[in-house]
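Work through these exercises with the sequence and the model side by side. Try each task before you read its solution.

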Amino acid sequence: MSAEGDAAGANAVSFTLEGRITAGTAAPIWKTATETLARNPNRPIVVDASRLEYVDDVGIALLFDLIRRDRPPNAKVEIRDLAPNLAALIGAYDPKKFVPPAPERAHIGIIEQVGRATDQQIAYAQRMLGFLGSCTRALGLAFTRRGVLRWGEVLEVATEAGANAVPIVLLIGFLMGVIIAFEIGLVAQQFGAVIFVVNGVGVAMLRELGPLMTAIVFAGRTGAAFAAQIGTQKVNEEVNALNTFGLDPVHFLVLPRLVAATLVLPLLSVFADVVGLFGGALVMVGFDIGFVQFYYQLLDAVTINDFLIGLAKAAVFGLALAAVGCERGLSTGAGATSVGLSATSAVVTGIVLIVVIDGIFTVLTS
Amino acid sequence: MSEPSTTQNVATDKAPAVSVRGLRMGYGSRVLLEDASFDVERGEIMVILGGSGCGKSSLMKNMIGLYQPMAGDILIDGQSIVQARGEDKAALQRKMGVMYQSGAMFGSLNVLENVRFPLDQFTDLGLDAKNLTARMLLEQVEMAYAEALMPGELSGGMLKRAGIARAMAFGADILMLDEPSAGLDPITAANLDRTILSLRQNLGFTFVVVTHELQSIFAVADRAIMLDPVSRSIIARGKPAELRDHATDARVRQFFNRQPDAAVEKAEA
């Protein structure tokens, strides 16, 4: 763009657009042109386009931006000698359609925010209750009527969610046993009460850490997968296809996952218990407590109830995580982003839920 | 004062916009097309047509450098996109705006942000300038009203139109459109055809359009090539009306006259 100068006649300001104006070259030209217009708000502007060689869509937008501006009648912008085809192209746009929209209400009061959040939570609670009702009906039918539950799919889900998760559960369980034994052992050693570390490790692993850590792994690995699988099916309209066949998505997609998760999580929890206790026993060797001594102290320290409470917790955790994962999947909106959000939400909601359930169990069983 | 400009607003390069030379392409050991050669001249609207599964979209993806051909070469403005690597290849790819069959909108950005995306990435334009450019492009495809919507809220036809606007956004003068009018209502499809013709006439764009919509082919195509999955070759090339009326190959006439297989077999008998 060449420098501005006084145009022939009146007090008009003129500048020339020349060469090629494209997406790659337009930025400085656009900036200078708009600054020229801003500096001369009450003078007519003449733009000489006779030396323009080529413009792309960004160049067209620049030309249109110059003529669309709201200026006084005696200070209009005139583009001279523009190729007729480009003039026709620019003339096809209606400046009124490009008026910036009115800014949205910037500030929302705290009361309105609280109200909106409450409204969303009530709607979510209603959806969740409706979903849980559907799940309960589906589970009732599954165990009272033959053929409702597809055991083949239950086995498939159980393999993926259970058998394939064994290595990670073993690793986490073992490390938890080692860490707990070591941490408690160091403190107990100062009081000469090392033998009671076995009690701590036993109760902690069987009642709390075995089921809880397994459930956390399960939430990240399987809860998210359930949400993503069903969410993708929702986005691909597979859920709509099931509905139009008269099939209930809860029966078809949710039920096998609920049953598989409820059965598989206690089994995984047992694995975590065993390797956790083994890890604890291994550490106790370093505190002069042998394996046999560990075994007999463990038998004194824990009861079958501790083990069964852990199993019951794990089953409820499995049911809750599968329900949350499936519900998040079925609530997925449209698009790939929604699937990601559903998976994330399934993990976060699932972990919060299992901690709450764990608290309830602790109160009820203490 | 100088004389009025007589520019037709077309790029001045002499080389064809796209030149395909002895192309052999496919997936793994499955060959879809053998020894295909054709040029797309600057400012031309070339249509690639053929039945479903004949490799139209794959040919386009070879042309834009997403797939590597098994043999042969593809020149963009005289430079090989097959041989190019790294930034050289990216620079050639930026000469082409591409609209994919599904629209391929980024799910986390709204429509305006999607169309503005290439301008955000590659230019120093101010936000107002970028927004105005993006809005004008959306206006061209009659999508200005949907600029604040997210891709998940759009219908298939809206996604395609937004995809075309984004393809045009970075000043690419070669536009590759994969099934642009499939799934659009007749009015929107006709408007889209008009937009393509207008862009070619006024901005000198070159178009490669993959389609099998007969009305669009006759409305916009300067030339067409037809792919055949059986012979894995280009079985026809020329102006659509000539191909319809004078093609020697029965499959070409069948395609243009929209005849079922049985009718052709009966005519040949």
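**Exercise 1.** Decide whether Met150(B) is buried or exposed.

*Solution.* Start with the rule. A residue is buried if 20 or more other C-beta atoms, placed from the backbone, lie within 10 Å of its own; it is exposed if 12 or fewer do, and partly exposed in between. Now the count. Met150(B) has 21 C-beta neighbours inside 10 Å, so Met150(B) counts as buried.

Two notes on the model. It is predicted: local features need pLDDT of at least 70, side-chain atom pairs count only at pLDDT 80 or more, and totals for chains, interfaces and linings use all residues. Residues are numbered from 1 along each chain as its sequence is written, while chains are lettered from A and ligands numbered from 1 in the order in which they are written.

**Exercise 2.** Find where Met150(B) lies and which residues it touches.

*Solution.* Met150(B) sits in the loop between H4 and helix H5 (156-168) of chain B. Helices (H or I, at least four residues) and strands (E, at least two) are DSSP runs, numbered from the N terminus. Next, list contacts. Two residues are in contact if their C-beta atoms, placed from the backbone, lie within 7 Å. Leaving out residues up to four places away in sequence, Met150(B) touches Gly335(A) and Asn110(B).

**Exercise 3.** Describe the side of chain B that touches chain A.

*Solution.* Count both sides. Chain B gives 34 residues to the contact, and chain A gives 36. Then name the elements. Helix H3 (111-122), helix H4 (127-140) and H6 of chain B each supply at least two residues of chain B's side. H4(B) has the largest share, 7 residues. Finally, sort by type. Ala, Val, Leu, Ile, Met, Phe, Trp, Tyr, Cys and Pro count as nonpolar, Asp, Glu, Lys and Arg as charged, and the others, Gly among them, as polar. Chain B's side has 15 nonpolar, 13 polar and 6 charged residues.

**Exercise 4.** How do the domains of chain B meet?

*Solution.* Get the bounds, which come from an automatic or database domain assignment. Domain 1 of chain B is 41-66 + 85-95 + 173-269, and domain 2 is 106-171. Their C-alpha centres are 25 Å apart. In the contact, 10 residues of domain 1 of chain B meet 10 residues of domain 2 of chain B. On the domain 1 side, strand E7 (174-178) and helix H6 (186-203) of chain B each supply at least two residues. H6(B) gives the most to that side, with 3 residues.
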